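Colleague: I am new to this structure. Please take one part and walk me through it closely.

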2 protein chains.
Amino acid sequence: MTRRSALLGAAAFGAGVAANRVVGKREPGSSGASPDARLVPFHGSRQAGIATPPPEFLSFAAFDLTSSSIDDLRDVLGEWTAAAATLAVGQPYEPRAESADVAPTDTGEAMGVGPSRLTITIGFGPSLFGLGGKDRFGLGRKQPRSLSPLPPFRGESLDPDRCGGDLCIQACADDPQVTFHAVHVLTRLASGAATLRWSQSGFGRTSSTSRSQSTPRNLMGFKDGTHHIRAEDGEAMDEFVWVQPSDGPAWMVGGSYLILRRIQMLFDVWDSTSLEGQEQVIGRRKQSGAPLGGQEEYDTVDLEAQRDGELVIPLDAHIRLASPKQNAGQRILRRGYSYSEPTEPGSGQIDAGLFFISFQRDPERQFIPIQRRLAGSDALNHHTLNTASAIFACPPGIRPGGFIGERLFT
Amino acid sequence: MTRRSALLGAAAFGAGVAANRVVGKREPGSSGASPDARLVPFHGSRQAGIATPPPEFLSFAAFDLTSSSIDDLRDVLGEWTAAAATLAVGQPYEPRAESADVAPTDTGEAMGVGPSRLTITIGFGPSLFGLGGKDRFGLGRKQPRSLSPLPPFRGESLDPDRCGGDLCIQACADDPQVTFHAVHVLTRLASGAATLRWSQSGFGRTSSTSRSQSTPRNLMGFKDGTHHIRAEDGEAMDEFVWVQPSDGPAWMVGGSYLILRRIQMLFDVWDSTSLEGQEQVIGRRKQSGAPLGGQEEYDTVDLEAQRDGELVIPLDAHIRLASPKQNAGQRILRRGYSYSEPTEPGSGQIDAGLFFISFQRDPERQFIPIQRRLAGSDALNHHTLNTASAIFACPPGIRPGGFIGERLFT
């Protein structure tokens with residue numbers, strides 16, 4: 001028993017004698033709307049929340065480990081696994097008998113709301129394997145080659161307080177109270193071993209990862225993600241998303257690398273740009289989502305088409321530079337959300353944008369070269385600013401009785 | 001024509017020749033889900049968004065006027081009125097013929113999403129009637145007695161950058177993209193006359209203003225607002241919410257005073273409090289919402305009940321101190337939302353709480369004495385911190401052809 005689990009045990013049992021489950025029975029309808037009973041299975045060979053069609057809301061949190069005990073780390077991952085499995089079916093997390101004279105383990109704000117398609121995806125940052133030259137947990141030799149801090153990109157303006165992290169939680173659901181609750185409960189469970197480093201909430205998924213979903217608009221008003229990888233396309237998922245046995249290390253096979261970028265939209269400039277100017281920046285029509293030169297959203301993007309001797313889709317248009325054709329055929333699975341925050345005092349500007357999340361099999365072949373190309377010449381750079389960045393290794397899924405990332409510890 | 005409308009006119013027409021409506025036809029289904037066609041009428045004798053049963057999301061924004069021309073003020077209110085009426089039916093706001101070579105008036109991100117029960121409620125801050133002893137717009141003599149900056153309350157820790165404002169917009173809808181869009185478009189329309197001072201988004205309404213809604217939970221996990229005023233109770237609405245002819249001034253009759261308080265929840269302390277301790281703080285059971293001593297949520301709150309010689313509902317319990325019985329029979333219409341923001345770097349704490357909004361006929365008789373009592377002795381004060389505050393006068397509703405607050409200008 002580690003010092004931390006002793007502490008947690010004391011908190012849970014110390015003051016109490018009675019052990020009745022006084023909270024926690026599900027209470028449908030208490031949230032005001034009908035409880036949303038749709039659920040996404042937690043256990044499986046892949047973590048949920050990657051190929052899963054994105055629900056409408058996100059709460060993301062990154063943590064710094066404050067303990068240097070590998071037992072504490074394993075303990076946190078075990079508790080997170082148990083809690084995530086319970087919350088995914090819409091139940092409060094009550095691993096121990098609860099009584100009225102101790103603090104509830106589950107914080108209670110999602111009681112009766114229902115699972116609402118909640119997924120909780122967990123990842124490990126590069127710093128878990130080494131920080132400042134120190135192998136904190138003796139895991140250094142297990143660090144995947146692909147899990148390195150991202151290189152600097154041109155034009156970015158990163159806030160270090162909103163970058164990185166040893167561990168991360170991505171909670172997605174159709175009710176923001178459910179995603180908030182998931183991060184709230186897991187943050188509390190990590191107490192004594194890991195502390196919240198940064199967090200971000202999001203709404204209005206800005207991508208489709210399934211053919212069952214139509215294309216949403218981002219906060220610039222454009223349809224976003226028309227030509228993304230779809231989860232139904234197993235071949236593309238294996239080629240571009242899931243880590244394969246040949247990639248290694250063994251503990252990551254069946255997992256994926258998560259990259260996130262907080263992309264602030266500079267609305268003062270964007271909103272003053274003519275409709276045609278906006279469409280030239282993106283390379284698509286605003287209303288229909290059709291590529292320039294096309295008629296309908298799903299029309300083929302013709303990068304060669306010319307009119308009056310000029311390219312129909314400009315050289316610096318976003319869809320040209322992000323196109324697989326311009327990136328050695330590489331693709332990524334995007335799964336981002338819009339965000340909106342209180343305006344910065346004195347700025348007079350709306351503070352909002354895209355909390356970009358992508359999953360890929362190999363950042364070095366996929367995200368990094370694509371982003372380098374975009375950072376170099378994308379016309380969209382005049383209208384956006386990258387303000388946060390992180391990379392995490394999301395291990396494969398968990399079978400009942402296991403815990404997330406367990407193969408890392410064997 | 002004012003300098004500002006000349007400028008706006010130039011922006012809208014200046015570069016353009018063609019005048020086709022290239023954007024703006026509604027395009028159902030483009031947002032990924034079915035468009036939400038439910039709508040709340042904008043015009044009427046009351047502003048929508050007060051008695052209206054609260055939808056799930058909020059975007060709130062406060063503005064500082066940068067122009068000192070009353071014509072600019074009237075012009076902004078006229079544009080806001082026209083835009084709000086259009087957005088309320090789910091249409092993009094395109095007051096002028098649009099063309100591809102000018103910036104679209106409507107920013108476009110809500111295209112195809114549907115009205116989603118959008119309401120836009122507009123209010124005037126005390127500073128509109130005088131700031132630093134200066135009557136900026138010649139409106140000083142029309143300032144309602146009830147529209148004064150709130151007095152300081154014990155224990156509050158207000159951030160002046162998130163308080164006050166000359167004008168405010170409360171946008172509520174069942175889709176956060178719709179509320180974001182409403183504030184985005186109206187902020188842009190105010191450009192040159194008013195600038196964004198602060199903003200706040202919210203989710204998960206924390207009250208019911210209609211018997212058709214059941215009671216939601218706040219982020220502390222408790223059902224909130226069991227005994228609030230319901231819009232169906234016309235007598236209570238007249239007594240406690242709507243400004244009456246006897247109150248004056250004439251331009252506010254049929255309106256209401258909006259008060260907001262940003263109430264941060266101190267989860268580190270709260271989450272470590274025993275279930276019984278939490279229930280004593282609130283005065284209700286966490287799971288059922290029943291008042292202490294009762295069985296069911298709607299059971300009568302018995303403030304006199306004793307057990308073993310002690311009050312069942314403690315002297316400092318929140319529901320006792322907020323009870324009309326303890327406040328000369330006064331009540332307020334609460335219509336707040338939960339909020340969640342990125343964690344403050346280095347704090348390790350979740351930054352979330354309640355964005356409290358209430359409407360009342362007379363703050364001096366209602367909110368102020370209630371809040372004074374709560375600030376003095378509410379047990380909840382150990383678990384919360386008031387970090388922002390504002391008051392606005394929301395004038396009555398608008399008939400087609402009129403504009404919000406027009407009676408102020410006659």
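Modeller: Start with what the buried residues of H8(B) pack against: strand S5 (256–265), helix H7 (318–321) and strand S10 (351–360), which belong to chain B. Keep in mind that this is a predicted model. Helix H8 of chain B covers residues 367–377. Which of its residues are buried? They are B:Phe367, B:Ile368, B:Ile370, B:Gln371 and B:Leu374. Look down the axis of H8(B): these buried residues fall within an arc of 160°, so they line one face of the helix. The spacing has a simple background. An α-helix has 3.6 residues a turn, so residues three or four places apart point the same way.

Now step out to the partner chain. A rotation of 180°, with 0.0 Å of shift along its axis, superposes chain B on chain A, and the RMSD is 0.0 Å. That is the relation of a two-fold axis. In chain B, B:Glu341 has the C-alpha nearest the axis, 3.6 Å from it. Both copies use the same surface: 98% of the contact residues of chain B recur in chain A.

How many residues of chain B are in contact with chain A? There are 59, and they meet 58 residues of chain A. Four elements of chain B each supply at least two residues to that side: helix H3 (176–189), strand S4 (194–203), helix H6 (275–282) and strand S9 (337–341). S4(B) gives the most, with seven residues. By class, this side of chain B has 21 nonpolar, 27 polar and 11 charged residues.

Technical notes. Residues numbered from 1 in each chain as written. Chains lettered and ligands numbered in written order. Predicted model: local features only at pLDDT ≥ 70, side-chain atom pairs only at ≥ 80, totals over all residues. Least-squares fit on C-alpha atoms with pLDDT ≥ 70 in both. Contact = placed C-beta atoms within 7 Å. Nonpolar A, V, L, I, M, F, W, Y, C, P; charged D, E, K, R; others polar. Buried ≥ 20, exposed ≤ 12 C-beta atoms within 10 Å, placed from the backbone. Arc of directions from axis to C-beta.
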